[in-house]
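Please read it alongside the sequence and the coordinates.

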Amino acid sequence: MNQLEKLDRWIEGHESEMTEFLVKMLQIPSVTGQEGDIQSFMAKTLAENGMVVDVFEPSVEELRKHPAFVEPQSSYEGRPDVVGVLRGAGGGRSLLLKGHIDVIQEGAAENWTHGPWSGDVEDGKIYGRGASDMKSGAAAMTMALRALQQSGIRLRGDVTAEYVMDEELTGNGTLACVLRGYHADAGICCETSSMCVQPASIGRIWFEIRVKGKSAGIQKRYEGVNAIELGYLIQQAVAAFERTRTSSISHPLYPDMLSSIPCMVGSFQSGSYASAFPDACVLKGSLATVPGESSAQVKAEFVRFVTERAAAQSPWLRVYPPEILFTGYFAEPPEIAVDAPIVRTLIEQYQTLMQKEPAVSGRRGTADIRHLNQYGHTPTVIFGPGLTEQMHANNEWVYQRDYLNAVRILAHTIAAWCGIAE
């Protein structure tokens, strides 16, 4: 029996153990801002796997000096990054595996048939907040490394596994790892990809639009300018901007542009009292970009379009245009070549193991590969078991079989990329 056959036998014989590991991760709440407990669990796991473990709290002061920094909503005290390094025997290519362990808020309990922290396994699905986004991916890369080690395989190249915090709101966790000096010849980010191979992801730009009307007493409301009515015109302008973009932009990895680059208002706030005239409103939303676009240019086009569209609809807005700010989350749209060596290696292993071609697409969500590609000198592809359509969903789940298949594909890809020592 050769080494890869031993690897497959170990994976086949430890499916229950691998499932239980993901279940344990799901049972540890790790909403962004509360990552301490799960990071202690991950650090302990990596140490037990024989890896060199680095646990560190990102420095906001240092991160703030970087152009990709996004202001966090809370302190990073007690919220470390965890990095494990598996040293190779030498002579092979290095690989970086990346996952984030923070998840979004779970929401109201009554919206969950299976509890958000249950880790229930039923009818081939594993349930819980983060099941798809992206604890299944983080668990898969962890179990792939365990499978390689416990089946007796020693790699030639080094493997670095990053488990980062604050991905959902800033991406600063990954940026902190870049600034700490972690890099490799290539990387695999195990984000939600529905088992597709994804060399690209969209960018995201949050915006805030402030609109001022004219105040008036409720009895003489006809002398005022209603900010709610103005805000509705702004919302229509934003929707028109989306229609313009989806009909004029193309990218080979994004054939369905309507679902790929949403631009919408997600929050509308106006008025302070039921019997008071609304003289101001604030709209908040986001727009997406595809690789190859200039974020600065898209921002400028958005401001021009919304301002001109609003002015055409309202004499008031022509004189008092909306104030448009870009604040909060921001992500550039990264991309590596479809025929990049790490992409080819991943596709080849998928083909061999699954006996079919993987779908190759662009991720319709942002990802931290933007930091790895642009600043970390680590060309990185996305591949993970989580379903894109399950991101942030109530009753979030992942297919158990996808998770177990991802472990096997990742283990073989690591071995193929890094090389096996004799």
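1. Lysine 44 and glutamate 48 both belong to helix α3 (residues 36-48), where 4 residues, about one turn of the helix, separate them. Their side chains meet in a salt bridge, with an N to O distance of 2.6 Å. Lysine 44 is exposed, as is glutamate 48. The model is a predicted one, and the distances quoted in this note should be read accordingly.

2. A second pair joins arginine 87 to aspartate 158 through a salt bridge whose closest N and O atoms are 3.5 Å apart. Arginine 87 sits in the loop between β2 (81-86) and β3 (95-100), and aspartate 158 in the loop between α5 (131-150) and β6 (159-164), so the pair ties together parts that are 71 residues apart in sequence. How exposed are the two partners? Arginine 87 has 53% relative accessibility and therefore counts as exposed. Aspartate 158, at 28% relative accessibility, counts as partly exposed.

3. Which residue forms a salt bridge with arginine 401? The partner is glutamate 15, and the closest N and O atoms of this pair are 3.3 Å apart. Arginine 401 counts as partly exposed because its relative accessibility is 43%. Glutamate 15 likewise counts as partly exposed, with a relative accessibility of 26%.

4. Helix α13 itself spans residues 400-418, which makes 19 residues. From its first C-alpha to its last, α13 reaches 27 Å, close to the 27 Å expected at 1.5 Å a residue. After α13 comes glycine 419, which has a positive phi, near 85 degrees.

5. Side chains of opposite charge can pair when their charged atoms come close. With a salt bridge taken as a side-chain nitrogen of Lys or Arg within 4 Å of a carboxyl oxygen of Asp or Glu, the count comes to 16 salt bridges. Besides the pairs described above, a network of salt bridges links Lys98, Asp368 and Arg370.

How values were computed:
Residues are numbered from 1 along each chain as its sequence is written. This is a predicted model: local features need pLDDT of at least 70, side-chain atom pairs count only at pLDDT 80 or more; totals for chains, interfaces and linings use all residues. Side-chain values use heavy atoms; hydrogens and water are left out. Helices (H or I, at least four residues) and strands (E, at least two) are DSSP runs, numbered from the N terminus. The expected span of a helix is 1.5 Å times one less than its number of residues. Buried means under 20% relative accessible area, exposed over 50%, partly exposed in between (1.4 Å probe, protein chains only).
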